[in-house]
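Here is a briefing on one protein chain. Look through the sequence and the 3D view, then work through the points by topic.

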Amino acid sequence: MSGEITPYANKIVTMIEQARQNALHSVNAELIKLYWNVGEYLSIESAKSDWGNAFINATAEYIKENCPEIKGFNRRGLYRMRQFYETYKANEFVSALLTQISWTNHLQIMSGTKSIEEKEFYLSLCAKEKYSSRELERQLKSAYYQRHMLSTQTVSPIEAQSNDDMRLLDHYVLEFLDLPDKFSEDDLKKAIVKNLKNFVLEAGKDFSFVGEEYRVQVGNSDYHIDLLFYHRGLSCLVAFELKIDKFQPEYISKMDLYLEALDREHRKPNENPGIGVILCASKEDEVVEFAMSRNLSPTMVAEYSLKLIDKKLLEKKLREFKGILLAKSETGD
């Protein structure tokens, strides 16, 4: 029965995902329209007011004092909205493109380009390629516009590194929806671990969940492994540890201690030595490293690496989880 129902179930899943994307695009379009309208109002009123720019400063202060729950409308945010309107108000070419692009990408284009022609170029590119802010930044840094204009032949943009489905879910959209706005580092870690657990069970062949915050004893001290799984194909325990900072070599040493404790106290006689997966989610990067027993043969190491979830896929999912969750912690100030 399950084989017969699969095509129909997949169709429903596709419909759900498409609806989610449509909803995100709709919210983003409303947000950009709001920023445009606010920018237009500020441009007109600050020009008329005897206060000039002080009008915007006073408006920001009023919102801060009387509506502190509203995020993104501080002094800097309001100036950006006015700049946004004044940059494109007479430009019919880009009018249809503006709501197709996230506010984060608009800010990158306004600050990272010089001429209106260059802005039009990147607006069109973003709308066509549906770039995330990370990918747009890479195109800007590669000077794609300059290379395109100087070349006598067609120049392609540098290849995108990711194809995330949540491109428009930047922190301005989350603020607009008034979602929870403050994550501590511990909250962030717990949220990523929760998402990671589900992802491993969905994407990792032969993984079975053993426990979260799994206790092991090293010497006289107790430690807790973020996530512990059992891999049926490899007949071994797999420990996942998440660090909310840059990768440090000592993380491998600490994982080795955990693996020794697991092998000594929890491994059954018919099972292979355990393996550790260290995930680091710093602000700048995502790194995944494997820790394996020194007693493993080269053949076993190769088999472990082949049957575990690919590092690049883990890094990609870690980036997605981190990006969505960190967005909720932004205040817009």
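**A salt bridge along one helix**

E303 and K307 sit four residues apart in helix α12 (residues 298-307), so about one helical turn separates them. The two residues form a salt bridge, with their closest N and O atoms 3.1 Å apart. Keep in mind that this is a predicted model.

**More on E303 and K307**

- E303 is partly exposed, at 27% relative accessibility.
- K307 is also partly exposed, at 36% relative accessibility.
- Why can such a pair point the same way? An α-helix has 3.6 residues a turn, so residues three or four places apart point the same way.

**The chain as a whole**

- The protein chain has 13 helices and five strands.
- Of its 333 residues, 42% count as buried.
- The chain exposes about 18900 Å². Carbon and sulfur atoms supply 51% of that area.
- Take the contacts between residues at least 6 apart in sequence. Of these, 63% join residues at least 24 apart.

**Other salt bridges**

- The count for the structure comes to twelve salt bridges.
- One of them joins K33 to E30, with the closest N and O atoms 3.8 Å apart.
- Both K33 and E30 belong to helix α1 (residues 2-48). They are three residues apart, about one turn of the helix.
- K33 is partly exposed, with a relative accessible area of 41%. E30 is partly exposed too, with 44%.
- Another salt bridge links the side chains of E137 and K141, at 3.2 Å from N to O.
- E137 and K141 are four residues apart in helix α7, so about one helical turn lies between them.
- K141 counts as exposed, at 67%.

**Helix α7 and its buried face**

- Which residues of helix α7 (residues 133-141) are buried? They are E135, L136, Q139 and L140.
- Seen down the axis of α7, these buried residues fall within an arc of 140°, so they line one face of the helix.
- A143 follows α7, and its phi is positive, near 55°.

- Where is K197 found? The residue lies in helix α10 (residues 185-203).
- K197 is partly exposed, with a relative accessible area of 23%. Buried would need a value under 20%.
- What does K197 touch, leaving aside its neighbours within four places in sequence? K197 is in contact with F209, E212, L227 and F229.
- K197 and D226 are 29 residues apart in sequence. In space, they are 9.6 Å apart, C-alpha to C-alpha.

**Cysteines**

- How many disulfides does the structure hold? The number is zero.
- C236 is buried, with a relative accessible area of 0%.
- C280 is buried as well, with a relative accessible area of 1%.
- Both values are under 20%, so both residues count as buried.

Key. Residues numbered from 1 in each chain as written. Predicted model: local features only at pLDDT ≥ 70, side-chain atom pairs only at ≥ 80, totals over all residues. Heavy atoms only, no water. Helix = DSSP H or I, 4+ residues; strand = E, 2+ residues; numbered from the N terminus. Buried < 20%, exposed > 50% of the residue type's maximum accessible area, 1.4 Å probe, protein only. Contact = heavy atoms within 4.5 Å. Arc of directions from axis to C-beta. Disulfide = S-S within 2.5 Å. Areas by Shrake-Rupley, 256 points an atom, 1.4 Å probe, with all protein chains shown as cover. Salt bridge = Lys/Arg side-chain N within 4 Å of Asp/Glu carboxyl O.
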